[in-house]
Structures are given as C-alpha cells and as structure tokens.
Amino acid sequence: MNNEAVLEVRHLKKYFVKSAGILSTLLREQRKYVAAVEDVSFSINKGEIFCVAGESGCGKTTLGKTILKLLQPDDGQIIFQGQDITRLERDNMRMLRPKVQMIFQDPYESLDPRARIYDSIAEPLMVNHLVKDENEKHNKVIQTLQLAGLTPVENYLYKYPHNLSGGERQRVGIATALVLDPEFIVADEPTSMLDVSVQANLLNLLRKLRREKNLTYLFITHDLSVAYAFSDWLAIMYLGKFVEVGPTAEVIMSPIHPYTKALISVVPGINLSKNIKPIVLPGETPNPENVPAGCRFHPRCYCKEERCTKEEPIMTEFTPHHYAACFVLEKMKLKENGK
Amino acid sequence: MLFDIKDLQVEYTVRDSVARAVNKVTLNLAGGESLGLAGESGCGKTTLGNAILRILPEGGQIRGGSINLNGVDLVKLSEEKMRQVRWKEISMVFQGAMNSFDPTMNIENQIAEAILIHQRDTSKETALERARELLPLCGINPLLGKSYPHELSGGMKQRGCIAMALALQPKLLIADEITTALDVMTQAQIFTLLRDMKRKFNLSMIVISHDLAVLAKNCDRLAIMYAGHIVEIGTIQDIFDHPRHPYVKGLLFCIPNFAGGREIIPAIKGAPPSLLAPPQGCPFHPRCPIAIPKCKTAAPQLLPVNTNNHSVACYRKDYKDVIWK
Ligand SMILES: Nc1ncnc2c1ncn2[C@@H]1O[C@H](COP(=O)(O)OP(=O)(O)O)[C@@H](O)[C@H]1O
Ligand SMILES: Nc1ncnc2c1ncn2[C@@H]1O[C@H](COP(=O)(O)OP(=O)(O)O)[C@@H](O)[C@H]1O
Ligand SMILES: [Mg+2]
Ligand SMILES: [Mg+2]
C-alpha cells in the first residue's frame with residue numbers, strides 16, 4: 001500500500017428538500033432542508049478499503065452516491081486523484097465515469113430485467129465508447145464474467161436476471177462495475193441480502209480484485225463483523241456525521257464512542273462476543289428533519305451528561321489516526337496523562 | 001404445549017416434476033422454547049412453516065408424516081377444525097410481510113382486520129380495542145396507531161406484523177425472516193421484543209432465518225436445513241462449539257467474527273442442488289470434501305450423537321480433522 005490518496009472528501013454536505021405537505025405548499029412556506037450528510041471529511045489511499053457503518057437512515061447511501069456525483073453535493077469538496085470534481089459538470093464527468101463505479105445493495109434494482117447478462121455487461125462499454133468492434137466487446141465481456149467468478153461463462157451469457165440466484169445476480173452487478181476497469185468502487189451493502197456462504201465468496205472476490213488490480217473501495221455496511229473482516233479503515237456514521245473513525249481493528253477492539261460500542265455489542269453470532277453484554281439502544285436513528293441539540297446521539301446515549309445536551313463534541317484524535325466525537329475523550333486523555 | 005413433527009414430507013408439483021421441499025423432517029418443541037431454523041435460501045424453511053399452518057400455495061401438498069400439537073395431528077384435521085388452530089394456537093409472521101401492508105389503511109385498522117379474519121365472531125370495536133392494546137405491548141407508541149405504513153420505519157412495521165400475529169394469543173409463533181431486511185440494531189430490538197413475549201406468555205417460537213448468526217443469541221436450539229432435510233439439530237452450544245455436519249462446519253467458517261483472524265473464508269463453494277433433480281444419497285455430497293462412496297447411494301438418517309438431543313445426519317460425523325480452510 002502506498003500513500004497516494006485516491007479520494008479526499010472535505011466537509012461534504014448533502015441536503016434534501018423536506019417532503020412538504022400540501023398545506024405548506026399552499027401556504028408557500030419556505031422550503032425546509034434536511035441534512036442527510038453533514039460535514040463529512042476523510043480520505044482513502046490507493047488500494048485501501050474504507051468502510052462506513054451505521055444504522056439504516058444514517059446517510060451511508062447518500063454519502064456514497066454524492067461522492068460519485070450521482071447526487072450533487074451542496075457544500076464541501078470531493079477530490080479524486082488530485083482533481084477537484086465537486087463542481088464538474090456532466091460533460092466533464094464523462095471522463096471520470098469509467099474510473100468510478102458503484103455496486104448496489106439490491107441487484108434486482110440495478111439490472112435491467114429485460115436485458116440478457118451479456119447485454120447488461122456490454123452496455124457500459126458501448127456507452128463509454130471503450131471498444132472498437134464486436135469482437136473486442138465480446139472478449140471483454142467474457143473476461144469480466146470470468147473475473148467475477150461467473151464460470152463457465154456459457155452458462156450465464158444469454159440468461160436473464162430472473163434466471164439467476166441472488167448471489168449470481170450480485171456477481172453480475174459486480175461484473176457491470178468491473179467491465180470498465182474502474183479504479184475506485186463504492187459498494188453499498190453488496191452482501192446484505194445474501195446467504196452467508198455466498199457473502200463469503202463475494203467478499204473474497206472483492207478482496208482478490210483489490211490485490212490483483214489495486215482497486216480502492218468505499219464499502220458500506222451495517223454489520224461490524226463484516227467491516228472487521230474486510231476493511232482497513234472504519235468510520236461509524238450517525239445521523240449524517242462520522243462519530244468515530246480509525247484503523248478498523250483499533251475501532252473494533254478499542255472503541256471510544258458509546259454508539260460504536262453499542263453497534264459492536266449487537267453484532268450477530270456467538271463465539272465473537274460471548275463476553276459482551278448487548279447494548280440495545282432505544283428508539284431508531286432519528287430523522288434528520290429534527291437533529292437533537294448538543295451531541296446528536298445524546299437522546300439515545302446511555303452515558304450522557306448535562307453538557308451533552310447543549311454542546312456538540314468535535315472529532316478529536318485519541319491515538320494516531322483514531323478519532324471520535326465524544327466528551328468521554330477528554331476524560332480518557334486526562335487518565336492517560338495522569339499515568 | 002407439546003409440539004412435534006415426524007417424518008414430514010412436503011412436495012410441490014411443477015408441471016410434471018415434483019420438488020420435495022421438506023423431506024422426512026422430524027423435530028420437537030417444548031412450551032416456551034425457541035427453535036431457530038437456518039439454511040441457505042431455497043432449502044425449504046418457508047415451506048415447512050406454511051405446512052405447519054396448512055397454508056401451502058397452489059401445487060404444494062403434505063405427502064406424509066404428522067404434525068402433532070398437544071396430541072392432535074394437524075395433518076389429519078378438517079379445514080374447519082384447522083381454522084380453529086390458525087392464529088389461535090399457531091400463528092406466523094410471514095417472510096416479507098412488513099412490505100405487504102395495505103398502503104391505504106392505518107396500522108391499527110390493519111391489526112384489527114387480521115383479528116376479524118381469524119375470529120369472525122368478534123365485533124369491529126372489540127377488534128380495534130384489542131389492536132390498540134397490542135401496540136404498546138409490541139413497543140409501538142399508541143399514537144402511531146393512526147399512521148400509514150409508509151410513515152413507519154422498517155422496525156416499526158415489523159413490530160406491527162408481530163402484533164398482528166400475537167393478536168389472538170397463540171402458543172406457537174413462527175417468525176419467517178423477520179429481521180432479514182433490518183439493520184443490526186433494529187434486529188437486536190426485534191429479538192428483545194420476542195424474548196419479552198416468550199417470557200411473558202410462555203410462547204414457543206420457530207424462528208426462521210437464512211443467517212445462522214442472527215439465531216445464535218436469540219434461540220435455545222438450532223436446526224440446520226439443507227435441500228429439504230434437517231442435517232443437524234442441537235443446542236446453540238452443540239451447533240456453534242461442536243458442529244458435526246460438514247455443511248454446518250462450513251457455514252460457521254463463512255461467518256465473519258471478531259475472534260477470528262480478520263479473514264473471510266469462502267468455505268462452501270457452489271450452490272445447493274435443484275430440488276427437482278436432487279442427487280442420490282446425501283443431498284450435500286456433491287459439495288462435501290469428505291464424502292465417501294456410501295454418501296452417494298443412500299441418504300444418512302438424523303441420529304443422536306449424544307444424550308442431549310444433538311442429532312446429525314452424516315456418515316462422517318466422527319471425522320475430526322479440519323475439513324475447510
Ligand atoms: N431522495 C431523497 N429525498 C429526500 N430524503 C432522502 C432522499 N434519499 C435519502 N433521504 C433521507 O436521507 C437520510 C439518509 O438516507 P440514506 O442515505 O439512504 O441512509 P442509509 O443508506 O444509511 O440507510 C434518510 O433520512 C432518508 O430518508
Ligand atoms: N409455490 C411454489 N411452487 C413450486 N415450488 C416452490 C414453491 N414455493 C417454493 N418452492 C420451491 O421449494 C423450495 C423451498 O422453498 P422455500 O420453502 O421458499 O425455501 P426457503 O424459505 O428456505 O428459502 C425451493 O426450491 C422453491 O423453488
Ligand atoms: Mg442505504
Ligand atoms: Mg423463505
């Protein structure tokens with residue numbers, strides 16, 4: 001691994017217009033905005049896997065799509081391979097498109113049900129004018145199917161998505177992303193709907209591709225055991241913001257933020273966490289339409305103090321590269337210094 | 001409550017071929033006990049659940065065996081008598097139910113509707129009253145009763161489904177993939193709710209999931225299905241600490257865990273067999289690294305390996321070496 005940043009995200013913000021009721025439209029109330037991504041900063045070096053984890057609704061998908069400019073960012077900067085792409089218009093994005101790809105959670109949604117597998121995979125090649133002739137196209141499709149583990153390829157080429165199992169369909173999703181030889185992939189919960197044996201095979205495939213093609217991933221999941229097995233860096237997201245980020249093993253083995261600890265404690269399975277008492281948080285990821293004052297996690301926090309309801313903690317480095325946004329850090333630092 | 005299933009066979013007839021989706025399944029369940037039922041998609045879990053309630057879709061039929069509830073064989077009951085069992089004795093949260101609410105009806109009305117369907121002599125008012133009692137019991141703020149499905153989160157909708165299934169105070173609840181589409185924190189909340197219900201009402205449960213890991217912390221015993229067969233059944237400790245079937249050993253390898261070496265081991269390759277043309281002998285033998293000639297000719301029976309009801313269907317259950325890596 002070298003230290004060349006493939007992606008740098010600085011103070012990224014993405015707002016959505018609040019779904020306005022008829023009444024407020026009639027009254028011509030001012031549009032209200034909700035922040036799905038609120039001031040997120042991080043960078044990923046070449047060949048690394050950066051994982052973003054958190055409950056559903058915390059903004060993971062919005063973050064992934066905004067980084068790839070599938071959604072237009074509202075503020076902040078996205079720098080891809082040294083180039084600021086935040087304000088790139090559609091025409092200029094075309095240069096970038098083949099290099100960045102997204103793998104979606106639900107392979108049903110991302111594949112055209114009426115297109116044969118061959119055509120689904122060949123289409124991006126055509127759109128981006130990346131092949132000279134039919135022959136080259138054919139070869140590239142075959143090569144990609146093999147890469148995605150869909151072998152023998154003859155069994156797949158002329159099938160439709162509904163003829164395939166969930167795992168096979170997700171491999172086709174991966175193949176459509178890989179066919180353009182991308183350098184950076186956002187994988188949005190790619191295995192969350194699959195059997196564990198299929199998940200293991202797919203994660204292994206993504207790892208192999210990283211090794212062989214030096215791919216860089218932003219990997220989104222809600223399951224920290226997957227993050228632990230798979231990623232180099234781990235960011236925990238809550239209500240649009242990162243609350244903890246660091247080297248994956250460190251975040252899992254020495255979590256700082258109470259939210260991270262809770263997520264770790266409810267990971268499914270047994271041998272892994274026999275001695276951890278589950279911390280089941282009450283309520284749900286709050287709605288970004290009304291973000292609590294102070295620390296945004298405080299209404300569900302099991303160790304909050306007066307201060308947490310008023311003041312928002314900022315991201316602070318505790319050990320090298322391991323950051324968290326919680327006042328508990330100050331106490332940990334004091335203890336550390338007292339030693 | 002006493003519940004046991006013996007040699008249950010369920011088949012689907014598709015055009016001229018027959019798929020045996022549940023094959024000689026035998027299991028038992030005590031009052032207040034929860035049994036996890038795990039296995040890859042397509043192995044017959046939902047079919048088993050539907051067969052217990054005798055609500056198999058068209059083409060599906062029970063072809064043999066018995067389902068005993070307190071000494072009564074449900075397979076032999078008339079449809080009329082079976083209606084007295086459904087929802088009142090045994091109920092089910094269906095796979096994907098949280099996404100099949102009627103979008104035009106609020107949640108408390110839908111729960112009331114479910115009560116009316118299964119208990120026809122109830123008045124509308126009583127049903128609605130009961131629905132409103134159920135909401136807080138299932139962790140739904142009563143104010144949310146007037147909400148429409150699209151206004152509720154996945155977790156809340158699933159709680160609504162559970163409320164519906166528990167409306168007539170059944171003794172046995174079958175929960176089919178109830179946490180599959182939910183994030184881990186919501187999963188933990190839903191299982192906390194089920195555990196509460198189990199304790200409060202001495203409810204027995206069959207919890208179905210394709211993900212064996214989610215069952216580990218939330219059931220007393222675990223049965224693993226493969227291609228219509230139960231291949232291993234035992235306590236959580238039996239299955240996780242002393243698995244005997246090569247398929248179960250392989251599945252455990254596939255589950256990422258904090259104690260492991262941060263690896264993902266794709267132990268089991270390939271896919272389960274088609275139930276329309278299953279292999280001869282043990283259904284797992286084509287994917288099994290330690291199969292012997294016998295495995296290819298006759299299917300092994302589910303036999304006890306110790307006295308605590310830990311049983312396995314494998315000729316090579318005493319094989320000790322690591323078989324997957
Ligand atoms: N197109 C949209 N319009 C309005 N709100 C949206 C849109 N997409 C997502 N949101 C809201 O933004 C928040 C984050 O959603 P999302 O990024 O999908 O979260 P996650 O992927 O972590 O589940 C949610 O509150 C969601 O309701
Ligand atoms: N309505 C049906 N008609 C024909 N075959 C079916 C039907 N439902 C399920 N099957 C078959 O029965 C097998 C078991 O399915 P199911 O019980 O849904 O498995 P699981 O719940 O374990 O995923 C599958 O191979 C499936 O193809
Ligand atoms: Mg998402
Ligand atoms: Mg099912």
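Helices (H or I, at least four residues) and strands (E, at least two) are taken here as DSSP runs, numbered from the N terminus. The structure is a predicted model, in which local features need pLDDT of at least 70 and side-chain atom pairs count only at pLDDT 80 or more, while totals for chains, interfaces and linings use all residues. Residues are numbered from 1 along each chain as its sequence is written, chains are lettered from A and ligands numbered from 1 in the order in which they are written, and side-chain values use heavy atoms, with hydrogens and water left out.

In chain B, Asn106(B) is found in the loop between strand E6 (90-93) and helix H3 (107-118). With a relative accessible area of 9%, Asn106(B) is buried; buried means under 20% relative accessible area, exposed over 50%, and partly exposed in between (1.4 Å probe, protein chains only).

His118(B) and Arg83(B) are 35 residues apart in sequence, and their C-alpha atoms are 7.7 Å apart in space.

Two further residues of chain B have a positive phi without being glycine. For Lys24(B), phi is about 50°; this residue belongs to strand E2 (residues 17-30) and counts as exposed at 54% relative accessibility. For Trp87(B), phi is near 75°. Trp87(B) is placed in the loop between helix H2 (79-85) and E6 of chain B, and its relative accessible area of 7% makes it buried.

Val231(B), in strand E10 (residues 229-235) of chain B, is likewise buried, at 4% relative accessibility. The C-alpha atoms of Val231(B) and Ala313(B) are separated by 4.9 Å, although the two residues are 82 residues apart along the chain.

The next site is that of ligand 2. Its shell, meaning residues with a heavy atom within 4 Å of the molecule, consists of Tyr12(B), Val14(B), Ala21(B), Ser41(B), Gly42(B), Cys43(B), Gly44(B), Lys45(B), Thr46(B), Thr47(B), Pro57(B) and Leu275(B). An N or O atom in the side chain of Tyr12(B) is 3.5 Å from a nitrogen atom of ligand 2. Oxygen atoms of the ligand are approached by a backbone N or O atom of Gly44(B) at 3.0 Å and by a polar side-chain atom of Thr46(B) at 2.7 Å. Taken alone, ligand 2 exposes 560 Å², of which the protein buries 66%; accessible areas come from the Shrake-Rupley method with a 1.4 Å probe, and for residues only the protein chains shown count as cover. Strand E1 (2-14) and helix H1 (45-52) of chain B are the elements that give two or more residues to this shell, and H1(B) gives the most, with three.

Chain A provides the surroundings of ligand 1, namely Phe16(A), Ala36(A), Glu55(A), Ser56(A), Gly57(A), Cys58(A), Gly59(A), Lys60(A), Thr61(A), Thr62(A) and Pro288(A). Backbone N or O atoms lie 3.3 Å from a ligand oxygen in the case of Cys58(A) and 2.9 Å in the case of Lys60(A). A polar side-chain atom of Thr62(A) lies 2.5 Å from an oxygen atom of ligand 1. The protein covers 60% of the 560 Å² of accessible area that ligand 1 has on its own. Helix H2 (residues 60-67) of chain A gives the most to the shell, with three residues.

Elsewhere in chain A, a cis peptide bond joins Thr151(A) and Pro152(A), with omega about -10°. Pro152(A) is located in the loop between helix H6 (134-147) and helix H7 (166-178).

Methods:
A polar contact is a pair of N or O atoms within 3.5 Å; within protein, one must be able to donate a hydrogen and the other to accept it, and residues adjacent in sequence count only if both atoms are side-chain atoms.
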